[in-house]
Amino acid sequence: MGWRKKVSASLIVLMICSQAAMAGGKQAADAAAAGDVNLVVGSTATASSGSAANAVDGKGETVWQPSAADRKDDMNVWLSIDLGKEETFNKVMFNLNRADNLKDYQLLYSNDQTNWDEAFSKNKDLSASETASFEAVSARYLKLSLNLSKDLNVQLSELSVYNSTEAPAPADLQRIYFTDAAGKEYPNNSEIRLNKGEEAELFLKGELKSGSVVDLSEVAKTFKSSTMDVSVSPSGTVTANQVGASLMQAVVHTTEDLKTSDLWVVVDDPAAFQGEAYVVNSKLTHPRMKTEIGQPAVIEPQDVYPTVSLTPTVNGNVTGELIYNGNKTIDALPKTALTKGEAVEWTPVGKADQQGSYQLRLTVEQSGKEPVYESYYFTVLDPKSVPAGQSPIAFLGKDGKMVYVGDYRGNQILDFSNVGYMGGGVKIPNVPVKATVSPGDGDDTARIQAAIDEVARLPLGKDGFRGTVLLKKGRYDVGGTLTVKASGIVLRGMGQDEKGTLIYGTGANPRNLIEIGENVGLALDSGSKQTISDLYVPSGARTFHVEDTSAYHVGDQIVVRRIGDKNWIHAIGMDYIYNRPGGTVTQWSPFNLDFDRVITAVDGNSITVDAPLASAIERQWGGGEIYKYTDEARIQQVGVENMRVDSDFDPSVLDTVMDNDTTDPYYADEKHAERFVVFNSVKNGWVREVTGYHLSYSLVQMSRNSKWITVQDSKMYDMVSIITGGRRYVIHQMGQLNFVQRIYTETARHAFVVDSRVQGPNVFLDGEAVKNYNTSEPHHRWSVGGLFDNIKAPISIRDRAWLGSGHGWAGANYVSWNTEGELTSQQPPTAQNYAIGHVGEKVPGLVPSDYDPRPRSDGYWDNYGQHVTVESLYKQQLEERLGKKALNNIQKQPTVSSG
């Protein structure tokens, strides 16, 4: 990956060799050192469940994994090994996939498997890489007993047993460190890069209090590898097991544990994509066109067409088409035989004499299998034809509609117009009043809830509504939480000002004031799964192929799943986040993005959905799948409108901490209302015309199962909480296809914020945030497809690296359009972020820095320092899709105070 920096070859003079070469001299030398002989390789192993032999087969990539039923039985799993005869040993090493589920462990020994004695136990400072050293014992059988604190998956890779003869460390040892073979010390966060199956030697030295340097090769020590991607022997032989990265540390005990600084071993696999599942490895070339993710793939008129090259991993046939503007075939590749490993090239004949968009679409057929599709894209464009003051990748064509210029894989700026209530462009209705509440004495929670429940018992009308609960003017003390659990209910006040309706959160109980819907996810139909048969579906696409469409129909609700596997996590560098200075981070694990969509067309084996996919789906990173789903638990047609919210707080509680800095004293009480409105499992809902004061967390939170929510024409002032860690997220976006417009905020940390792994599109339009303590942003771990459109606020879309618990690349495929204020926009690997028409300071990212100098690329910036003439991307897209009436429908409507 481009931004990883290797330590130079002169610094890392490593003894790297293949497994085959190691089998001779190196293994023989190890055998001569009794302390480095693993006594259990190939031994007979049994376990409470699972394939016990995998723990002692000498293969770091295989694991012993106890069953879920075994874990749940008594939260204990065990592994027992028969050494074949009585052996003496004093050291045991093993690697786990995680340690956060481990309560404690014991090492037991026996000669008859009936009477067991304890050699070692540990119940604190547990890690995924454990080394147990103890007084030597002699026995034929060894048992490892793991007691769990959480019912989470357990995997163990390579338990090793040794009779170590290492010497104790010098008493005056004050520091230890890794060096290369020449004895030169590795700086903190140095990197050793290996290919899968390769080995390297770690060299450990120490510094005495006198300043003298000593070799620690014969001293008792523990080598630790943070993941199962890399294993390490007691002598310091590192083996690259699988793609990934591992933080290596050595520990030597004197009067205290001395530890090395951070040394990374990064493992690549040159043969990662050679399997038949990948079908072909292809590339597009052209002498004058960029073939980079996120960069416009443009050639000028009369230039030659690009060349596509295929190296198949299967035998079969390929056909191809060069398609102009989506429907006209310019040239075709006749059926051509593919032989595994033999390259094929195709350059369409002629020259590019027509401006427009082009697709090179290839179909690969194998005997007995469904076709697989591969496509490349480019645009023929005279740069002079881009109107002045517009973006060269998103501008108005001669017909007055947007022209998008994508990259060579077809990724382009998304169409964001499907967000919001009823899928966008639909006027929020004024729902008739069916129940009325007036302020009373004491707490009003129960009386308001009774009115909500009364309306919930009414039948749904043909329009999908039951009715509005109207809160008359005045103050309503709410010491609990109001819940809306049925569709078709609106909670309305009679004004946001001091003479209107006030919901006042009383008491010292942190809570949400209004919760809408249960927190229930979609029910996927696992039997409906179909594999996406495109090798690459670009970000922004609505149409893709699957193996079989026969069970799918227009109107079906589906999940389009984008799989992000271990190879992808490695490609974006998120298995290799530097530790927080002075602390630690959590490296990323593989995850999926599930896009909630509705089928609008089925044509052969292609499916079109209602809204674009906000992430590319790539076979090399795991590919994609679709599933039907049901969502009976998700309510809809619900809203909160036209009122004010405030909260009790203790003004005597003050603080000055502001994230990693300090500020003037501020109100920091947290024992009071946290959020005003929380949408849980809800679609087609809204909040409008509300004003908030003194909340600690959010005015509105759209949770993970929310969809088609609109939040508009609202304000937030004077938040009260500590200024760190999840607080002061005024508009907290966790769902998808949600729309936020015309919001004003003060005193937020992250005023307009998107959570982790959020599947867009989502839009923030025409908002302003002032008196900010931090930035509006995608906050962590790869949310996709957000638009900041005419937002006046500091905005950051970047690699957050070690911040939080290892937030890393926070957002991908984001667009900042005609924004104002400070802006950071960086390009994540495999995706892009776009900054168009920004006015304000361009702020560098957190990284690169002196601590982590690995380069990161800027996002795609154009028209920096001046707004583009397409004033609003979202409004332009909405008008193109639904017409001017849709624009009128999202304008601010007259406030309704009654029914």
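I began with Y305 and F378, and both are buried. The model I am reading is a predicted one.

**Aromatic pairs**

I looked up the aromatic pairs and found 31 in the structure.

Next I asked where Y305 and F378 lie. I placed Y305 in the loop between strand 20 (303-304) and strand 21 (307-312), and F378 in strand 27 (residues 372-380). The pair therefore ties together parts that are 73 residues apart in sequence.

I also looked for clusters of rings. One aromatic cluster is formed by F89, F94, Y105, F120 and F134.

**Charges over rings**

The charged end of R854 sits over the ring of Y578, and I noted 3.9 Å from the ring centre. K842 lies over the face of W861, with 4.6 Å to the centre of that ring.

**Strand 1**

I then turned to strand 1, which spans residues 44-47. Which residues make up its covered face, and which its uncovered one? I found A45 and A47 on the covered face, while T44 and T46 make up the uncovered face.

For the partner I read strand 2 (residues 76-96), which runs antiparallel to strand 1 and is joined to it by four bridges. I looked up what stands opposite T44, and in strand 2 that is D82.

Note on methods
Residues numbered from 1 in each chain as written. Predicted model: local features only at pLDDT ≥ 70, side-chain atom pairs only at ≥ 80, totals over all residues. Heavy atoms only, no water. Buried < 20%, exposed > 50% of the residue type's maximum accessible area, 1.4 Å probe, protein only. Helix = DSSP H or I, 4+ residues; strand = E, 2+ residues; numbered from the N terminus. Pairing = 2+ DSSP bridges. Phe/Tyr/Trp six-rings, centres within 6.5 Å; stacked < 30°, edge-to-face > 60°. Lys NZ or Arg CZ within 6 Å of the ring centre and 35° of its normal.
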